[in-house]
Amino acid sequence: MIKPETNSPLYYLLLLILCTSCAPEVDVSACIDTEAQGFWYGLWHGFILPFSFIISLFNEDIGIYAISNNGGWYNFGFVLGASLMLGGSSRAKK
């Protein structure tokens with residue numbers, strides 16, 4: 001049996017192809033029909049992240065991240081809300 005060399009770029013390329021082949025297809029029609037969500041929606045989605053995640057395990061129609069967002073400001077709000085809800089860096093110091 002041939003053992004793959006794990007330091008080879010080809011190994012990582014094959015691993016990347018294998019992982020991306022399992023990714024689900026995202027329906028982008030919601031992005032076209034709705035207005036992009038900004039900072040405040042990102043902050044709210046960050047706050048409700050733990051609850052959204054648990055519900056998303058049982059209901060595939062629930063997502064934890066808005067597909068139709070405006071990019072950087074939504075991402076900033078999401079990360080800020082999630083860090084405030086999950087304890088931020090204060091828990092990392094303990």
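Let's begin at Thr-34, which sits in the loop between helix H2 (29-33) and helix H3 (39-47). When I say helix, I mean a DSSP run of H or I with at least four residues, numbered from the N terminus; strands are E runs of at least two. Before going on, please remember that this is a predicted model, where local features need pLDDT of at least 70 and side-chain atom pairs count only at pLDDT 80 or more, while totals for chains, interfaces and linings use all residues. Residues are numbered from 1 along each chain as its sequence is written, and side-chain values use heavy atoms, with hydrogens and water left out.

The cut-offs are under 20% for buried and over 50% for exposed, with partly exposed in between, using a 1.4 Å probe and protein chains only. Thr-34 and Ser-68 are 34 residues apart along the chain, and their C-alpha atoms are separated by 7.1 Å.

Now follow the chain into H3. Which residues of H3 are buried? They are Gly-42, Leu-43, His-45 and Gly-46. Looking down the axis of H3, these buried residues fall within an arc of 165°, so they line one face of the helix; the arc is taken from the directions from the helix axis to the C-beta atoms. On the other side of H3, Trp-40 and Trp-44 are exposed. As a reminder, an α-helix has 3.6 residues a turn, so residues three or four places apart point the same way. The cover over the buried residues of H3 includes H4 and helix H5 (72-86).

That brings us to H4, residues 49-58, where we find Ser-52. Ser-52 is buried, because its relative accessibility is 10%. Setting aside neighbours within four places in sequence, Ser-52 is in contact (heavy atoms within 4.5 Å) with Ile-62, Gly-63 and Ile-64.

Finally, the whole chain. The protein chain has 6 helices and 0 strands, and its pattern along the sequence reads α-α-α-α-α-α. Of its 94 residues, 17% are buried. Among contacts with a separation of 6 or more, 72% are between residues 24 or more positions apart.
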